[in-house]
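Please read the following report with the sequence and the structure side by side. It goes through a few places in turn.

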Amino acid sequence: MASTRHWFETIAEAQRRAKKRLPRSVYDAIIAGSERGVTLTDNVAAFAEIGFLPRIAGAPAQRNLATTVLGFEIAFPVIISPTGVQAVHPDAEVAVARAAAAAGTIMILSSFASKPLEEVVAANPRTFFQIYWLGTRERIRALLDRARAAGAKGIVVTLDWSFATRRDWESPFIPDRLTLRNMLKLAPEALARPGWLWQYLKRGKLPDLTVPNLALPGQRPPTFFEAYFEWMQTPPPTWEDIAWLRKQWDGPLVIKGVLHPEDARRAVDIGADAISVSNHGGNNLDSAPATIRVLPTIVEAVGERIEILLDGGIRRGSDVVKALALGARAVLIGRAYLWGLAANGEAGVRNVLELLRSGIDETLLGLGKASVHDLCPDDLILPPGFVIGPSAAVAHWRCREPSEHPLPV
């Protein structure tokens, strides 16, 4: 259906609306990327290089999109990826959590989020909490204790960050605090986007630049950059540190940021329950490969031993299907739902999730598949040299008989 005032028909349209609504600094912070933006661009472009082999006649009248991730049933294989300080809308992560709950899927809350974990869990009981290796082991244990008390269902530890902050198109001005001087500097941008500004003013508040989930007991929440600088001063973790973390948390543990098969094997060895193939949305080491290009080698290395998620470049339901066919259990989305949130709040996030859900369903129909569990590499056309990694093989061992529990034709 064509876009209307309250509905957008593609995620590209959500992005256009977000750009029109958000102050330039906020919009640029969502786009982000690092250095030349090679990885940022390729995350999306790589999906366009993959073709489909459609089938005709005999297609099922209904398709089964449901799956499980780490023992949790979800309505379709799309999960909310953690993103920090969602100043795009006053309801921020709580709105995203409500939309994810309504769609029947998991929310992963960033430790750099602007809303407390307890509020987000209340909005979506299937919430995981994402952390970095930040501070001492005692500090990290305190974060885990809070997550456990709040009812978080799992922990996601992100390891793919090298503090690369340079951008050829210049980084946006993001203040540490909204002082009078900073507000005067940002005023022209905010006044140029009155709809965004009015959302905050009518609630009697301005964007919150603190990160409440990194506050120690009895202390005020640090600002984003206070927490960021503490993180910068923390020595990078070793695999022994991650093994220690595994022992501190008795629920599902996901390691996010895996691009090399050897790291995938180490994650299995320390007892992780899942890995996320991710390059931090192109915000980290520029010229790292698009995640979809390395997915097959990760699947080949550990696909029968651990659940594999893919994060990066998802813009439509057919992208999700391509990732599943190459071995992912589910995908994570970040910028897509932030654009929906900017465009129309919670309803915009629901809009994005419904676009992905319906896109998956339509693609399954075109491929003649009854279930997301029936997908395999034989459904795709991969150009020569597409797969990157120590092995260029595509894991065709995943092609198997149709799902044991397809919906009736």
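## An aromatic pair

Phenylalanine 224 has a relative accessible area of 25%, so this residue is partly exposed. Buried means under 20% relative accessible area, exposed over 50%, and partly exposed in between (1.4 Å probe, protein chains only). This is a predicted model, in which local features need pLDDT of at least 70 and side-chain atom pairs count only at pLDDT 80 or more, while totals for chains, interfaces and linings use all residues. Residues are numbered from 1 along each chain as its sequence is written, and side-chain values use heavy atoms, with hydrogens and water left out.

Helices (H or I, at least four residues) and strands (E, at least two) are DSSP runs, numbered from the N terminus. Tyrosine 228 is buried, at 9% relative accessibility.

The whole structure holds twelve aromatic pairs. In the pair of phenylalanine 224 and tyrosine 228, the ring centres are 6.2 Å apart and the planes are at 10°, so the pair is stacked. Rings of Phe, Tyr and Trp (its six-membered ring) pair if their centres lie within 6.5 Å; planes under 30 degrees apart count as stacked, over 60 as edge-to-face and the rest as tilted. Both residues belong to one aromatic cluster, which also includes Phe112, Tyr132 and Trp231.

## A proline in a loop

Proline 175 sits in the loop between strand E7 (154–158) and helix H7 (180–191). Is proline 175 buried or exposed? Its relative accessible area is 9%, so proline 175 is buried. Not counting residues up to four places away in sequence, proline 175 touches Asn182, Leu186, Leu209 and Phe225; contact means heavy atoms within 4.5 Å.

## The nonpolar cores

The largest nonpolar core has 111 residues. Such a core is a set of buried Ala, Val, Leu, Ile, Met, Phe, Trp, Tyr and Cys residues joined through side-chain atoms within 4.5 Å. Helix H14 (residues 335–367) gives the most to this core, with 15 residues. Among the residues with the most contacts inside the core are Ile255 and Leu295. Leaving aside neighbours within four places in sequence, leucine 295 is in contact with residues including Val277, Ile308 and Leu326.

Another core, of 14 residues, lies apart from the largest one and includes Ile74 and Phe128. In soluble globular proteins, nonpolar side chains tend to be buried together.
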